[in-house]
Amino acid sequence: MSRTEKEPQASCCSSHAEPEFNVKSTSSCCSEEYASTTSTCCGSDTNTKEDQTATTSSCCNTGESKDEQVEPVDREPKGTKPLEFKIHGMDCPSCAATIEKGLLKTEGIQSVRVNYGTGKMAVSANDRSVYDLVPDQVHKLGFKAEPLVKNTNMQTYKIEGMDCGSCAMTIKKHLSKNPTIQAVHVNFSTGKMQIDHSTNQNEIIKEVQRAGFDASLDSQRQGTANQKKKWISTTTISGIFLALGFIGSFTSVTPGFITALYAVAILIGGFKPAKSAFYAIKSGSLDMNVLMSSAAIGAALIGEWFEGATVVWLFALGNTLQNRSIERTRESIRSLINLTPSEATIKSGDQLIRKPVEEVEVNAIIVIKPGEKIPLDGEILSGTSSINQAPITGESLPVDKQLGDTVYAGTVNESGSLEVKVTKLVEDTTIAKIIHLVEEAQEKKAPTQAFVDRFANVYTPIVFSLALLVMVVPPLFGFGSWGEWVYKGLALLVVACPCALVISTPVAIVSAIGNAAKNGVLIKGGTFLEKAGSIQAIAFDKTGTLTEGKPKVAEVISLYNNREELIGITRTIEEHSTHPIAKAITIYAEERKISAKKGEDFKAIAGKGAQATINGIEYFAGKPKLFEDMEVPLNEIEERIELLQRNGNTLVVVGTRTEVLGLIAVADSIRDITVQSIQKLKQVGMGEMVMLTGDNDGTAKKIVAETGIDRYFAELLPEDKVAVVKKLQDEGKSVAMVGDGINDAPALATADLGIAMGGAGTDTAMETADIVLMADNLEKLPHTIRLSRRAMNIIKQNVWFSLITKVAALALIFPGFLTLWMAVLSDTGAALLVILNSMRLLRQK
């Protein structure tokens, strides 16, 4: 690892018990003096997590002392359970102090703890009603506070029957009128409802059913689904009566009986949509159930019973097919839940006991046999094995694990038996965080989706009003019969439903984010999916991203043909150092079974090297400048030194006070997967790839030549990397920055898209970056870019197809070519095709 590139970062958080760094916030706070201020930003060993916020305020020179801020942080009264909020808008640690002091003035609030690093706030109050005041108070201070679902009375329900975004709005509006419900959020994309209420579960389910949908607690979803399969669907029964009526019309059966069959088909198939339409109108929504019900009733009133029954059946059939298709996209994430076993084998003394994972505590010892899935995150205490980490990181090959290594829940133990100490509860495991973050991401609207929703909100009432005018105005002025224009108006009502358009974006986003998650990539929302699809340049941090970040011995040059002697002397000197270069030499000697000699008087020479006395002779190992200062001639190897340095090596010269014995070249090796990843990025049409490094120009040139990077900037300090990213943006490019999620924070924040690597081992990266590559390599980056671009293409296809279908249907209504059932078919068919088109993203590999 380059000393110039990473040392300012390492000094920031390496000693802190729980380092936390907000990538997106640092740009406006610490980027200009990042190298010098981050050491005070994160505190030292004496800082506890509780007083971190107080310490961080010194980052931005607020002038407030630590003592002044400790009091509100440590005053949490006993027996009071705090409520957590997510805070948006903090761009400096002093903002945390502002919020704390401001809220403590609110009557009823007993303590406030704001963590700038995670963007979270914990508030304790003497009454639950006080919590409702917090968002408004925080808003007055210039920020935004959102209660975190897991710390409120929120329950999550699975909603069945939603086939359009307007269905979600209908449920929300209906439930919001219930005085026992404090807050409700319904998301069509995930098929889930989050609700804060003071009533019971059965009442909530009944309320949802009154709105025309089915609900069950998310944990009970599977049982409910299995139970429903026993019943014949109303769509099937309605279809049977429609078929009987249609066949009967070609026989001598009386017209009254045929009409009765059609009427039964309408009643059976249309009961649920009519019920939903009633509550939609009651709650002020104009959804597709209202439009379709109106069309069916209107058709019956003008004597078009066959048309009315066909409308109802096609609508029901379309909904059924849509629901099944959408469920498949939603299951792409739910399938992750099944990765972890429900039980774990606990070692208790000499006994092995099976326990539900929910009952296993931190520090418990679990035993995992070959072939078993790992139930919880933990640290290996004994045993070695190969672990298939593909469910978490997407890595194609198993990873060797041994004593002290971390293992993750949901991964598969392929070979040896392991004893693992549990480090996280089941709800805190990496896989649990992935599921939570992905579900959150699927609920966030992309810019395209937000635009489409706004368009639909305007389009539907306009076309609905136009349909009413078509029914009334022409016959009033004598332009045709009432029956003719009412029929056209009913067809226009059906066309007014923008279902295909509204679902064109969210289904594609859910599919793409689900695909990415299964391949070890977290995309934090539709916005970032869209951004990734439009990226024109990628800036890579060198150390730890393109390279291993672990120096290795590249070459050993002995001037007196005593190679092993040279390595033994160097190992003796370097064994007492913790520097990465010293470690690289020690490991190199160990691998070749070259032991250290007996030494004494070990000394470090600041900034130059180290020395030791062996058999009464002083030996030195260090930079060429160390020997130049001691006036030891380097003539014999001077050309070799220049050549090695030009090729990107760091040199350790070994010798005595009078002569040089040889030198050892150390270099940071390029990751095996890096070159393949760069080539694949070029294949997918990435415009420009840039490397940012703190190393010298020679090292940078070597890495660029070996990896195929287009351009580089060398000898950069962390704040210089921000300037480079801005320079690329000034050239008119949309720029992504790839780093490790904690280091290079200002550059990640400045880029249009921040991509962090190694999220599986770094909670901070999972919390802060826009996109997280769970594996600690670039293997999945080309897939992410390709998936994002394809998602954008499919969204465009969906939107244009939906609009063209609507325009074509509108154009065909007035000449009389578009019948009522054709209008329904065009609407439901278009929606189904949009869903199926989006589902192609699930299968992309």
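Predicted model: local features only at pLDDT ≥ 70, side-chain atom pairs only at ≥ 80, totals over all residues.
Strand 22, which spans residues 609-614, is paired with two other strands. With strand 21 (residues 599-605), strand 22 pairs in the antiparallel sense over five bridges, and in this pairing I605 stands opposite G609 of strand 22. The hairpin formed by strand 21 and strand 22 has three residues between the strands, and G607 in this hairpin adopts a positive phi near 75°. With strand 23 (residues 617-622), strand 22 again pairs in the antiparallel sense, here over six bridges, and T613 is placed opposite E618 of strand 23. Strand 22 and strand 23 likewise form a hairpin, in this case with two residues between them, and N615 in the turn has a positive phi of about 55°.

Most residues other than glycine have a negative phi. D601, although not a glycine, has a positive phi of about 55°, and this residue lies within strand 21. A further case is N363, a residue other than glycine for which phi is positive and near 80°; N363 is found in the loop between strand 10 (351-356) and strand 11 (365-368).

Among the helices, the packing of helix 13 (residues 288-301) against helix 33 (residues 820-839) may be described. Two packed helices are described by the angle between their axes and the distance between the axes. For helix 13 and helix 33, the angle is about 165° and the axes are 11 Å apart. Because angles over 145 degrees count as roughly antiparallel, helix 13 is roughly antiparallel to helix 33. The crossing of helix 13 and helix 33 is left-handed.

A search of the whole structure finds three aromatic pairs, and one aromatic cluster is formed by F246, F250, Y262 and F306. Two cases of a charged side chain placed over an aromatic ring can be described. The charged end of K488 sits over the ring of W485, at 4.5 Å from the centre of that ring, whereas R592 lies over the face of Y588, at 3.6 Å from the ring centre.

How values were computed
Residues numbered from 1 in each chain as written. Heavy atoms only, no water. Phe/Tyr/Trp six-rings, centres within 6.5 Å; stacked < 30°, edge-to-face > 60°. Lys NZ or Arg CZ within 6 Å of the ring centre and 35° of its normal. Pairing = 2+ DSSP bridges. Helix = DSSP H or I, 4+ residues; strand = E, 2+ residues; numbered from the N terminus. Axes fitted to C-alpha atoms, helices over the stretch in contact; angles between N-to-C directions. Parallel < 35°, antiparallel > 145°, perpendicular 65-115°, else oblique. Left-handed = near helix turned anticlockwise from the far one by under 90°.
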